[in-house]
Amino acid sequence: MAGFINRYAVWIGLGVWLLLAVMTLLGPYLIPHDPLAVDMGKRLQTADATHWLGTDHFGRDVLARLVAGAKITLGLTLVAISAALLIGVPLGLLSGYVGGVVDAAVMRVVDALVAFPDFIIAISIAGILGPDVTHVVIAIVLVKWIGYARVVRGTVMTEKGKAYVLAARVAGTPGVKTIFRHLLPQALPEVLVLAALDMGKIILMISALSYLGLGAQPPMPEWGAMLNDAKMMFQTHPVLMIYPGVAIFLVVLGCNLLGDGLRDRLDARGEW
Amino acid sequence: MTAQTNHLLTVSNLSMRYNKHVQALSGVSFQIGTGECLGVVGQSGSGKSTLARLLLRLDQPDEGEMMLLGQPLHKLKGEALRQWRRHVQIVFQDPAAALNPRLSIYQSVMEPLNNYPQVTPVFLRDIRHSPREMAERLLSMVGLPPEWLNRKPHQLSGGQKQRVAIARGISLQPDLLICDEPTASLDVSVQAQILNLLKDLQEQLGMSYLFISHDIAAVRFMSNRILVMKEGQLVEQFDADQLLAAERHPYTQQLVQAVTA
Ligand SMILES: Nc1ncnc2c1ncn2[C@@H]1O[C@H](COP(=O)(O)OP(=O)(O)OP(=O)(O)O)[C@@H](O)[C@H]1O
Ligand SMILES: [Mg+2]
């Protein structure tokens, strides 16, 4: 089993993302329920032919909410990861290539931020900005760009002294072009691995902060917020916590498999 | 060398320290004539590659001057320096490291010419408008089949990769081509071929060479004059045919004996 998972980790991970994408795109057509429609007459129903996973304490269809939650999770995670990449990668390139004062300045900020665990910083920022899902995304971006800056900086610093980069300089290639043609492609594989792993962590962070009431607010069907919603009823209706919990678990697992799988391939082949 | 005006490069009193205390080069002075090959020999760590890096302006000298075609090479900065780089090119020791493994041979060979659209080497004059044809001609000049342009470096042997690196090195028709141990990482069987190729190209294109090597026989084969270095200093310089003369410095004699013994 472990061997199977290792061998197909990348595909399983991609499969989870594909499933999430399909759910997001087709879900609304397959499930004829509004995830926000309250119907107090249908509270806390068990699964049946109309409500495949039953309803919650406001009579809302649970499956419709899970599917809508997938869209929110996917969207927020992609926004957060893109922003972190857009900040971290250029700063890493600049810092590693230029060195000197620029590098020292970037690294000072990085050192200050890595002194604390990601989650603590994210909670503090989200707490200061106030409970809102946008604030959670901002907090996550502020924490997550660092990883990309460090990875890219490290690669650039080791590569820039190598003969092919010196050869480019001798050949008259301007610095910016050298960065994009020779150095960035070298750093990209590691960046992709980190991004895949980070997606899992970001999903977890968004859910956790929402569960704590700092992120997505009711009635938004974000998975962490759904967990929070359902926690008063855990004794009587545990499935209402189990569904979003399992959804989070599977997606995070998928991201980690994807990241680990990519890393193994990278290690095995060196380049791809 | 006949007249002073014939000098392509004049280096005077060149010194360089790494990290403030490693004195890699101290007070080195020499000249290279137009079309001349100057060989450089010396033990490992004697400062040969450092000299190459300074002439390529990959490092800055702490002291001294480098005059190339009457221009102070050591003073150039920014875009002026970038423009001047086309006059001095290099063939590195290890072609596997000098070629970006991700780029095709075509991309690597064309990188210099793409950077200087206004430069037209005589041997490419009739086809300057066509990058593909230029790349093909460059490959054939170094004895490789033009079809190999689409290959990646890992599909080539060490000697073939070095030919690609040489094609790059000559592509701008530089005045000075520095060869830093160009055969040291190659199989013995191909070393002679690469040396012959370099020599033929030099005669064909009228370039000057700074030829660095541990291989005294190779330096003697390639060079008009030889410069001997030790611990960052110039021991002596002399015409290549005077290598075995009785008045050679004991250190030079020692280097010669190390190979003949
Ligand atoms: N980047 C560097 N940082 C610090 N010291 C260096 C660096 N590069 C070279 N040196 C030192 O400078 C001196 C000259 O080195 P250089 O590479 O020029 O020698 P070389 O004659 O080319 O040797 P080899 O024949 O082994 O290539 C050596 O003592 C070396 O240790
Ligand atoms: Mg050397």
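## Ligand 1 site

Around ligand 1 there are 14 residues, each with a heavy atom within 4 Å of the ligand. Ser44(B), Gly45(B), Lys48(B), Ser49(B) and Thr50(B) come nearest. The model is predicted: local features need pLDDT of at least 70, side-chain atom pairs count only at pLDDT 80 or more, and totals for chains, interfaces and linings use all residues. Residues are numbered from 1 along each chain as its sequence is written, chains are lettered from A and ligands numbered from 1 in the order in which they are written, and side-chain values use heavy atoms, with hydrogens and water left out.

For Lys48(B), a polar side-chain atom sits 2.8 Å from an oxygen atom of ligand 1. For Ser49(B), the corresponding distance is 2.7 Å. Glu181(B) has a side-chain N or O atom 3.3 Å from a ligand oxygen.

## Interface of chains A and B

The size of an interface is often given as the accessible area lost when the parts come together. Here chains A and B bury about 1900 Å² between them; the figure is the accessible area (1.4 Å probe) lost on being put together, summed over both parts. Carbon and sulfur atoms account for 51% of it. Val170(A), Ala171(A) and Arg181(A) supply 31% of the area that chain A buries against chain B, more than any other three residues. By contact (heavy atoms within 4.5 Å), 19 residues of chain A and 23 residues of chain B take part.

Between the chains the count is 0 salt bridges, a salt bridge being a side-chain nitrogen of Lys or Arg within 4 Å of a carboxyl oxygen of Asp or Glu. There are 12 residue pairs in polar contact, both residues at pLDDT 80 or more. Such a contact is a pair of N or O atoms within 3.5 Å; within protein, one must be able to donate a hydrogen and the other to accept it, and residues adjacent in sequence count only if both atoms are side-chain atoms. On the side of chain A that touches chain B, α6 (163–170) and α7 (175–211) each supply at least two residues. The largest share, 7 residues, comes from α6(A).

## Leu68(B)

Leu68(B) belongs to strand β4 (residues 63–68) of chain B; strands are DSSP runs (E, at least two residues) and helices are runs of H or I, at least four residues, numbered from the N terminus. Its relative accessible area is 0%, so Leu68(B) is buried (under 20%, 1.4 Å probe, protein chains only).

Beyond its neighbours within four places in sequence, Leu68(B) is in contact with Leu8(B), Leu9(B), Trp84(B), His87(B) and Val88(B). Leu8(B) is 60 residues away in sequence, yet its C-alpha is 5.8 Å from that of Leu68(B).

Definitions and conventions: Buried < 20%, exposed > 50% of the residue type's maximum accessible area, 1.4 Å probe, protein only. Buried area = accessible area lost by both parts, 1.4 Å probe.
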